[in-house]
Amino acid sequence: MGVLDVCSPGVVTGEKLYALLKYAQEHKFAIPSVNCTSSSTINAALECARDVKSPIMIQFSNGGGAFYAGKGLSNEGQKAAVLGSVAGALHVRAMAEHYGVPVVLHSDHCAKKLLPWLDGMLEADEKYFKEHGEPLFSSHMIDLSEEPLDENIELCIEYLKRMDKINCVLEMELGITGGEEDGVNNEDVDMEKLYSQPEEVDQVYTALSKVSKNFTIAASFGNVHGVYKPGNVKLAPGFLGKHQAFIKEKHNTTDDKPALLVFHGGSGSTKEEILEAIGHGVIKMNIDTDTQWAYWEGIKDFYKAKEGYLQKQIGNPDGDDKPNKKHYDPRVWIRKAEQSFVKRLTEAFADLNCTDVN
């Protein structure tokens, strides 16, 4: 049995999405959730998932959505972020099935000030649901971790009620992920706030479970966004096991891992830490910083190798009248970026035990 016995190629939503996430948890792998900012990065992510024969999550951040719409478009009222995220989602839907892999369409960190962005995407979800019987996106993340926990939970309940009507999954965050990403800076946060407590996670689980089972929890355990060498990030994956045990005992569940947990800020994590987190029920890990670098590195290496052919349109080491179009054609150097992106993402799939699982 494999993933394709649980869900079909293409965008996965609703009950099939829940089944996919529980399957990942039971079989001890996590699905990489890749931040994409263009059709090029989306296609590279899909290509990689096809080649490793595994499902993938493709997600858009607020800034990534605005970039997808075009930097020449105003983002007043989150207009560009909404339009770009929706456009990216439609691109994924147009291509995913043809790559032959299950895809979870997701939106990344949405802080309180960015809720109009989420509202715009949900309006698109609701419209798509009326026409197709499923939401445009598979899931959305609300990140109110900087707000008081009671307010965080209260707002998440309101959104989960709305989302559950269209079979859309909510990802919520409590605790704080350190570092800086997409304009959210927690580099100077108190260290104690980087570690969620079991009682807090259970408070979330208890409240959201009364509304729907369709939610995941991003509980912090020392996670940090950004670039760090392995060993420099003080992760404590054991906290995740304590959360699961606490919830299991309090709610008397037969499931040893009742909560669907997600992993943010994975850069700099060791293979052992990642596997330990997966062992405690993590079903998703965000991938962004490392694939950004890989995309650039593909271009950088191509430029260094072909520098003499990239200085002008005509004239290169082979002759003053030789054209250089076949080198500066964007389809050439962007493809090099995609290939480097795929190579690095393949490593992430392997780190997450998420290869050959279809």
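Reader: How far is the sulfur of C36 from the closest cysteine sulfur, and which residue holds that one?

Author: Keeping in mind that this is a predicted model, the closest cysteine sulfur to that of C36 is in C48, and it lies 11 Å away, which is too far for a bond, since a disulfide needs the two sulfur atoms within 2.5 Å.

Reader: And is C36 buried or exposed?

Author: C36 has a relative accessibility of 2%, so it counts as buried.

Reader: What about C156, which cysteine sulfur is nearest there?

Author: For C156 the nearest cysteine sulfur is that of C110, at 10.0 Å, and C156 is in no disulfide. C156 also counts as buried, because its relative accessibility is 0%.

Reader: Switching to helices: at what angle do α2 and α4 pack?

Author: Helix α2, which covers residues 39-52, packs against helix α4, residues 79-99, at an angle of about 30 degrees, and their axes are 10 Å apart. Angles under 35 degrees count as roughly parallel, and α2 and α4 are therefore described that way. The crossing in which α2 passes α4 is right-handed.

Reader: Which residues make the contact?

Author: From α2 the contact uses S39, I42, N43, L46, E47 and R50, while α4 contributes G88, H91, V92, M95, A96 and Y99.

Reader: How do those divide into nonpolar, polar and charged?

Author: The residues in the contact of α2 with α4 comprise 6 nonpolar, 4 polar and 2 charged ones.

Note on methods:
Residues numbered from 1 in each chain as written. Predicted model: local features only at pLDDT ≥ 70, side-chain atom pairs only at ≥ 80, totals over all residues. Heavy atoms only, no water. Axes fitted to C-alpha atoms, helices over the stretch in contact; angles between N-to-C directions. Helix = DSSP H or I, 4+ residues; strand = E, 2+ residues; numbered from the N terminus. Parallel < 35°, antiparallel > 145°, perpendicular 65-115°, else oblique. Left-handed = near helix turned anticlockwise from the far one by under 90°. Contact = heavy atoms within 4.5 Å. Nonpolar A, V, L, I, M, F, W, Y, C, P; charged D, E, K, R; others polar. Buried < 20%, exposed > 50% of the residue type's maximum accessible area, 1.4 Å probe, protein only.
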